[in-house]
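Subject: Structure handover

Hi,

Here is the structure I promised to pass on to you. My notes on what turned up in it follow below.

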Amino acid sequence: MNKSNQSARTPPLYDYIPPATYKPLTPFYDLGCAVLGLGKKFKKRVLGSVPVQDGQSIADVGCGTGVFLEIAKEKYPHSRVVGLDPDKEALVIARSRLEKKKLAAELTEGRVETLPFPDDSFDFVFSTLAFHHIPDEHKPKAIQEIHRVLRNGGKLLIADFGESRSWSLRLLLGFERHVKGNFEGLIMAGLQANNFRDVKILWKKWPGIQVVFAKK
């Protein structure tokens, strides 16, 4: 076992943030996303932002309640589709969602900063509305881990709050504990520091969401 895989088994010492910030709200997370325009339609657009061939491997890191997994597995039934999240309650909802649709996606409990996957495991990694739940000091490590598990030529899409100086957006999202680093450009800087290529913003969406593309 190489050092990178060994370190991936050691979780960071901080309390993760549930999908809707507070545990009692987890069952209502999908409804909240839909109201804000960040539900299925948004996630379908994220998935469709890059060409994927059915049969290529896909990981959704910070998969939450599994909406993106459902969309991906329905569109690419022959692909290995894997979801990872630290929240047990969210994974229970994700598992129920997939079982109802009889979709054979894999679910793993874990964190983006310590991915429990071997090097060069995936053709695509997606992360939708998860990076602002990662403490700023751990965001660079999360990006490093994604680079590790991507195959050469593999592609990454991160859909999350992006660099912004808007005081109104900062006020609106003041309850989000770890969003400051997103506003200060940590995602783009982390991608460039970890030797990702073709780093660019594909499109933006209110409120302050940027869909960022990068290639290993």
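**Cavities and buried residues**

The lining of the largest cavity draws at least two residues from each of α2 (29–35), α4 (67–75) and β2 (81–85); helices (H or I, at least four residues) and strands (E, at least two) are DSSP runs, numbered from the N terminus.

Before the rest, a word on the basis. This is a predicted model, in which local features need pLDDT of at least 70 and side-chain atom pairs count only at pLDDT 80 or more, while totals for chains, interfaces and linings use all residues. Residues are numbered from 1 along each chain as its sequence is written, and side-chain values use heavy atoms, with hydrogens and water left out.

Back to the cavities: the structure holds two of 30 Å³ or more. A cavity here is a set of points, on a 1 Å grid over the protein atoms alone, where a 1.4 Å probe fits but cannot get out, and lining residues have an atom within 4 Å of a point. Points are joined across faces, edges and corners, and a volume is the space filled by probe spheres set on them.

The largest cavity has a volume of about 320 Å³. Its lining counts 29 residues, with Gly62, Asp85, Pro86, Ala130 and His133 nearest the centre. By class, 15 are nonpolar, seven polar and seven charged (Ala, Val, Leu, Ile, Met, Phe, Trp, Tyr, Cys and Pro count as nonpolar, Asp, Glu, Lys and Arg as charged, and the others, Gly among them, as polar).

The second largest cavity holds about 70 Å³ of space. Among its lining residues are Ile158, Phe161, Asn182, Met188 and Val212. β5 (150–161), α9 (186–193) and β7 (209–215) each supply at least two residues of this lining, and β5 gives the largest share, three residues.

The buried residues of α3 are Phe42, Lys43, Val46 and Leu47 (buried means under 20% relative accessible area, with a 1.4 Å probe and protein chains only). They lie on the same side of α3, because they cover an arc of only 135 degrees around the axis, taken from the directions from the helix axis to the C-beta atoms. These buried residues pack against α4, β4, β5, β6 (197–205) and β7.

Finally, Ser127 sits in strand β4 (residues 122–128) and is buried, at a relative accessible area of 1%. Beyond its neighbours within four places in sequence, Ser127 is in contact (heavy atoms within 4.5 Å) with Asp60, Val61, Leu157, Ile158 and Ala159.

Best wishes

Technical notes
Buried means under 20% relative accessible area, exposed over 50%, partly exposed in between (1.4 Å probe, protein chains only). On a 1 Å grid over the protein atoms alone, a cavity is a set of points where a 1.4 Å probe fits but cannot get out, and a pocket is an open set with protein on both sides within 12 Å along at least five of seven lines; lining residues have an atom within 4 Å of a point.
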